[in-house]
Amino acid sequence: ILQVALLRRSAEVTREGGNLVYSTCSLNPVENEAVVAAVVAAAGGALEICSPEAVQRFRSRPGLTSWQIPDMNVEGVFYPTYDEVPETKPEKAASRGRERFSRRGLQRSMFPPEDASMGLEKCMRVLPQDQDTGGFFVALLRKVGPVHFPSASSSLAHDDAPALSDPASDPVSDPVSDPASDAPGDSDAPGGGGG
């Protein structure tokens with residue numbers, strides 16, 4: 001959820017016509033392609049995934065367009081879509097004293113997007129053996145129009161997850177928007193020069 005919020009905010013502050021690079025030092029599609037897919041879908045056509053032409057000679061693999069999410073309660077069980085995850089666990093898992101709620105912690109945005117034509121294959125996955133480096137992921141996005149994301153609590157949450165606050169509207173988490181935070185000597189925080 002945090003990575004989606006960070007990428008959304010980056011897209012909001014990128015100028016139209018500008019490029020945005022999203023990169024992680026992970027090969028987990030939930031942290032990579034799923035994040036890119038969720039933000040591109042929520043942008044309603046204002047963001048497009050581009051092939052990073054400047055690094056085409058860099059050895060990489062295409063982004064994933066499908067993946068499965070493991071059931072954290074039943075070993076060896078994977079789900080390709082959110083709708084295939086049972087709402088309650090099988091009796092076997094429940095008999096071991098674990099919670100019966102199987103969708104806990106899962107969100108639709110963790111699964112592959114329904115729109116396979118969004119261009120996730122244009123992303124880059126670099127495996128350690130490809131470049132003699134660590135593994136990492138790179139996506140290049142171009143902002144082709146204004147983005148108007150719905151609030152985080154309505155678009156990221158699903159029926160089973162707690163509501164999220166929108167960090168962009170929280171003055172506590174954004175000291176840049178608080179003009180008083182720049183005033184010398186006004187801080188009550190330890191070491192803040194209040195006296």
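Predicted model: local features only at pLDDT ≥ 70, side-chain atom pairs only at ≥ 80, totals over all residues.
Asn32 belongs to the loop that runs between strand S1 (19–24) and helix H2 (33–42).

Is Asn32 buried or exposed? Its relative accessible area is 0%, and because buried means under 20% relative accessible area, Asn32 counts as buried. When its neighbours within four places in sequence are left aside, Asn32 is in contact with Tyr22, Thr24, Ser26, Leu27, Arg125 and Phe137.

## Strand S7 and its partners

Strand S7, which spans residues 136–143, is mostly covered, with 6 of its 8 residues buried. Which strands pair with S7? S1 runs antiparallel to S7 and is joined to it by 6 bridges, while strand S2 (residues 47–50) pairs with S7 in the antiparallel sense over 4 bridges. Strand S6 (residues 124–126) also runs antiparallel to S7, and here the two strands are joined by 3 bridges.

Individual residue pairs can be followed along these strands in the structure. Asn19 has Arg142 of S7 as its bridge partner, and Leu47 has Lys143 of S7 as its partner.

Helix H1 (residues 2–13) has 12 residues, and the distance from its first C-alpha to its last is 17 Å, which is close to the 16 Å expected at 1.5 Å a residue. Which residues of H1 are buried? They are Val4, Leu7, Arg8 and Ala11, and these four cover an arc of only 105 degrees around the axis, so they sit on the same side of H1.

The spacing of such residues along a chain can be understood from a general rule: an α-helix has 3.6 residues a turn, so residues three or four places apart point the same way. On the other side of H1, Leu2, Leu6 and Val13 are exposed.

How many disulfides does the structure hold? The number is 0. Cys50 has a relative accessible area of 9% and is therefore buried, and Cys123, at 3% relative accessibility, counts as buried as well.

Conventions. Residues numbered from 1 in each chain as written. Heavy atoms only, no water. Buried < 20%, exposed > 50% of the residue type's maximum accessible area, 1.4 Å probe, protein only. Contact = heavy atoms within 4.5 Å. Pairing = 2+ DSSP bridges. Expected span 1.5 Å × (residues − 1). Arc of directions from axis to C-beta. Disulfide = S-S within 2.5 Å.
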